[in-house]
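Please look over the sequence and the model shown here before reading on. The report that follows takes up a few selected points.

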Amino acid sequence: MTLDGASQPLLVANHVGRTFHLEGEEVHAVRDISLTVNRGRFVAIVGRSGSGKTTLLNLLAGLDTPTSGQVLFEGRDLAGMGEKEMTQLRRHRVGIVFQSFGLLPLLSAYENVELPLRIAGIGSRRRNERAAEVLDLVGLLPRAKHRPFELSGGEQQRVAIARAVAMRPSVILADEPTGELDSVNAESIFGLFSQMAGAEEMAIVTTTHDQTLLDMAEEVYEIGDGLILERTAVAPLDAPEVDTPQAPAPAGPAPAVDNNIFRRPD
Ligand SMILES: Nc1ncnc2c1ncn2[C@@H]1O[C@H](COP(=O)(O)OP(=O)(O)OP(=O)(O)O)[C@@H](O)[C@H]1O
Ligand SMILES: [Mg+2]
């Protein structure tokens, strides 16, 4: 039986390993990691510096190729995908937030966010609307014209997050996305991720060092020396769906939702 993409888990790492060869020495950055990321799940990866988090995220993003095992996107092995298919995947389905932000230095915050939409061929009006919307979401609309060097580290980080979510990808892979942020903004970014995972069905895979943020994730993988040490999940993934009767809708209008959760202090 062949399954279509939508009925598959979104992203699967199947006994993935990555060994680097450096000056005659072998570095086993990722030894043997298996994990499944389902649609709309908010997954966090924690581990000490050098435990293999960035290497793992690069493998999940298809930016690097495993030396053993496979990474499957909707059941398809990334290693077997052609250049064209890989490009489509990166443009439309996967959003990446790099540990080093990866913003283009000559472009403004707005232009950095708009770029993936432009590359994907979105028309100018929708591009403008969406770029403004996601910049507003991370509280940086007032900084839209600033170039990266005219922004603080945390602001650059938030632009990188806005850029990654702009295309509404199926999955966001974020490497230490809150490393430069104060606790209030870090919680807001995780709140945004949590909201996107739930409301927009975007799966989120993020690394973090911040223990206080882990409670906001639905699943936490702790990795050490390229292996999974522990996995904790708020609900068992394979629990059968329970058909609970729907509660009657409350009378009156729904309470207004404040989307701008990244307000700057006045
Ligand atoms: N290109 C490379 N060549 C050789 N060794 C590498 C390479 N990239 C990573 N490593 C090594 O692999 C190990 C895992 O690195 P990785 O960057 O994945 O760690 P990390 O968990 O992301 O750490 P941090 O929390 O500091 O970002 C480290 O020991 C690192 O030195
Ligand atoms: Mg890293």
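Is Phe-101 buried or exposed, going by the other C-beta atoms within 10 Å? In this predicted model, Phe-101 is buried, because 21 other C-beta atoms lie within 10 Å and 20 or more are enough to count as buried.

## Two residues with positive phi

Phe-101 belongs to the loop between S6 and H3, and its phi is near 70°, a positive value in a residue other than glycine.

Arg-168, which is found in the loop between H5 and S7, also has a positive phi without being glycine, with a value near 50°. Arg-168 has 15 other C-beta atoms within 10 Å and is therefore partly exposed, since that class lies between the limits of 12 or fewer for exposed and 20 or more for buried.

## Overall make-up and confidence

The protein chain contains seven helices and 10 strands, and 38% of its 266 residues count as buried.

The average pLDDT of the protein chain is 86, and 85% of the residues score at least 70. Over residues 238-266, however, the pLDDT is below 50, and this stretch has 13 contacts in the model beyond near neighbours in sequence. Where pLDDT is low, the predicted coordinates should not be read in detail.

## Helix H5

Helix H5 covers residues 153-165, and at 1.5 Å a residue its 13 residues should span 18 Å, which agrees with the 19 Å that separate its end C-alpha atoms. Because 11 of these 13 residues are buried, H5 is largely enclosed by the rest of the structure.

The buried residues of H5 include Glu-155, Arg-158 and Arg-163, together with Val-159, Ile-161 and Val-165. Their cover includes strands S6 (94-97) and S7 (171-174), as well as helices H3 (109-119), H4 (124-137) and H6 (183-199).

## Surroundings of ligand 1

Ligand 1 is surrounded by 13 residues, of which Phe-20, Ala-29, Ser-49, Thr-54 and Thr-55 are the closest. Strand S1 (11-22), strand S2 (25-37) and helix H1 (53-60) are the elements that each give two or more residues to this shell, and H1 gives the most, with three residues. By class, the shell holds eight polar, four nonpolar and one charged residues.

Key:
Residues numbered from 1 in each chain as written. Chains lettered and ligands numbered in written order. Predicted model: local features only at pLDDT ≥ 70, side-chain atom pairs only at ≥ 80, totals over all residues. pLDDT = per-residue confidence, 0-100. Contact = placed C-beta atoms within 7 Å. Helix = DSSP H or I, 4+ residues; strand = E, 2+ residues; numbered from the N terminus. Expected span 1.5 Å × (residues − 1). Near = placed C-beta within 6 Å. Nonpolar A, V, L, I, M, F, W, Y, C, P; charged D, E, K, R; others polar.
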